[in-house]
Amino acid sequence: MFKTPRGTQDILPQDQPAWQHIENTILTLCHRYGFERISTPVFEDTGLFTRTVGEETDIVQKEMYTFKDRGDSEITLRPEGTAPVCRAYIQHGMHNRPQPVKLYYFATIYRYERPQTGRFREHHQFGAEAIGDKDPSLDAEIIHMAWKIFNNLGLKDLTTQLNTIGCPKCRPVYLENLKDFYSSRIHEMCGDCRVRHQRNPLRLLDCKNPVCQSAADSSPRSYDYLCPECGQHFEKLKTYLRILEIPFLLNHRLVRGLDYYTRTVFEVQPEDVGGQSTIGGGGRYDNLIGELGGPPTPAVGFATGLERIMLNMEKQHLLPKSNGGIDIFIAPLDEQAREKGIGLLNILRQEGFSAMMAAGEKSLKAQLRQAGAFSARYVIIIGEEEIKKNSVILKDMATGEQETIPANSLVNSISKRLKGS
Ligand code: HAM
């Protein structure tokens, strides 16, 4: 028997109302914040990700689904959504549009990780990117939007952690200080951190190993090494966040798992912080588009994993249970009634009602049970008597009341009841 591959899952009909609720809440906010939707391919040239996400990151080193296609091209299933959107921005000359260009996406993301609660090999992301302006008010807007999404879904007890990792001008000085700080401690630290010390010292800060973590706690903080421009940007951002009343915590160890960030980085975390708890994260990436060969273009964005939202909503008992069921269920009692029923079904659907008819030969009792299982609001019963009189029996499933009405006034009668017209 085949099953879903490890780290993937089916989203079954009974789970769809919850997904739809989350997507609708997000879509409403995208409209309010002036973001437009973009969709990009599930796979891209591998180089797009190695160049932007960073050769030394876990994603590129261990997690990408990379293969040669039949034409010998190096292909990778997207392990994140920002680089593809930037590729599209360049490819379609979006720098000629009024800036910033504000884009959002819903996308499946592929990472070969060790599956556990909230961590999948295929997961669903919503992401938003504001491309084309370096104004810190855009950083604030992105953080605000992330915050609003979680808030409007009813999620409580979330914290926004904030850091800045400077720019290519000021970061090297910080990195030198970081390396110096770690030099005397590196012999106590894990094997990965010894490599990081040489190749990517910033990553030393987010190692999950307890020994390495305690060293990171007292390490130099990037915001003490900012150049004046990065310093001003950070101060402005904090002012805007205070005006927007978004509570945030400064966390000098927050560096994120992708290398393209400059200045602002942030993550939203639920209270019971565990390894896989981050519900959303993002930051500024002012050099990414330039590095991909586009014109120098500052940008800022974030993404959130829909499975992580779902997990947290489930914990907080916030998931909607049903999609409300169908309007009408037709229960025919013989073949002649079924012929009548199939015509009525068509008319009702054309009028905009959700309607279905029992299939196969079943007793009235069984058909009513089925109507209940589909949460039908009304059942139309058609038997021999009704065919003779060209009428139907209309049963209100909430009250149990039923009345006989002429078949040709059915639409009117249902409209009155369901639409109040
Ligand atoms: P990321 O932090 O790697 O950022 O992923 C964004 C979110 O996706 C995470 O906060 C988490 O909720 C979810 N997520 C990540 N990996 C998994 C997984 N294996 N299973 C389930 N959920 C997961 C990015 O990908 C950046 N592109 C975000 C960004 C947009 N930065 C700027 N613009």
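## Getting to know the chain

Author: In this predicted model, Ser375 lies in the loop between α13 (364-373) and β14 (378-382).

Reader: What makes Ser375 partly exposed?

Author: Ser375 has a relative accessible area of 38%. Buried means under 20% and exposed over 50%, with partly exposed in between, so Ser375 at 38% belongs to the partly exposed class.

Reader: What can you say about the phi of Ser375?

Author: The phi of Ser375 is positive, at about 50°, although this residue is not a glycine. Asp157 is also not a glycine and has a positive phi, of about 60°. You will find Asp157 in the loop between α5 (136-152) and β7 (158-164).

Reader: Is Arg32 called buried or exposed, and what is the reason?

Author: Arg32 has a relative accessible area of 60%. The cut-off for exposed is over 50%, so Arg32 is called exposed. To find this residue, look in helix α1 (residues 16-32). Another thing to look for is Met145: Arg32 and Met145 are 113 residues apart in sequence, and their C-alpha atoms are 9.6 Å apart in space.

Reader: Why is helix α2 described as largely enclosed by the rest of the structure?

Author: Helix α2 (residues 46-53) has eight residues, and six of them are buried, so the helix is largely enclosed by the rest of the structure. Those buried residues are Thr46, Leu48, Phe49, Thr50, Thr52 and Val53; each counts as buried because its relative accessible area is under 20%.

Reader: What do the buried residues of α2 pack against?

Author: Their neighbours include the strands β2 (43-45), β3 (66-68) and β4 (74-77). The helices α3 (58-63), α4 (82-91) and α10 (288-291) are packed against as well.

Reader: What makes the peptide bond from Gln99 to Pro100 cis?

Author: The omega of that bond is near 0°, and the bond is cis. Pro100 is found in the loop between α4 and β5 (101-110).

Reader: Now for the whole chain: how many helices and strands are there?

Author: There are 15 helices and 16 strands.

Reader: And why is the chain called more spread out than a compact globule?

Author: The globule rule gives 22 Å for 421 residues, and the radius of gyration of the chain is 28 Å, well over that value, so the chain is more spread out than a compact globule. Along the principal axes, the C-alpha trace spans about 95 × 50 × 45 Å.

Reader: What share of the residues counts as buried?

Author: Of the 421 residues, 52% count as buried. The accessible surface comes to about 20,900 Å², and carbon and sulfur atoms contribute 49% of it.

Reader: How far apart are the mean positions of the positive and negative charges?

Author: The chain has 52 positive and 52 negative charges, and their mean positions are 2 Å apart.

Technical notes
Residues numbered from 1 in each chain as written. Predicted model: local features only at pLDDT ≥ 70, side-chain atom pairs only at ≥ 80, totals over all residues. Heavy atoms only, no water. Helix = DSSP H or I, 4+ residues; strand = E, 2+ residues; numbered from the N terminus. Rg over C-alpha atoms; globule rule 2.2 N^0.38 Å. Buried < 20%, exposed > 50% of the residue type's maximum accessible area, 1.4 Å probe, protein only. Areas by Shrake-Rupley, 256 points an atom, 1.4 Å probe, with all protein chains shown as cover. Lys, Arg positive; Asp, Glu negative; His and termini not counted. Charge placed at Lys NZ, Arg CZ, Asp CG, Glu CD. Contact = heavy atoms within 4.5 Å.
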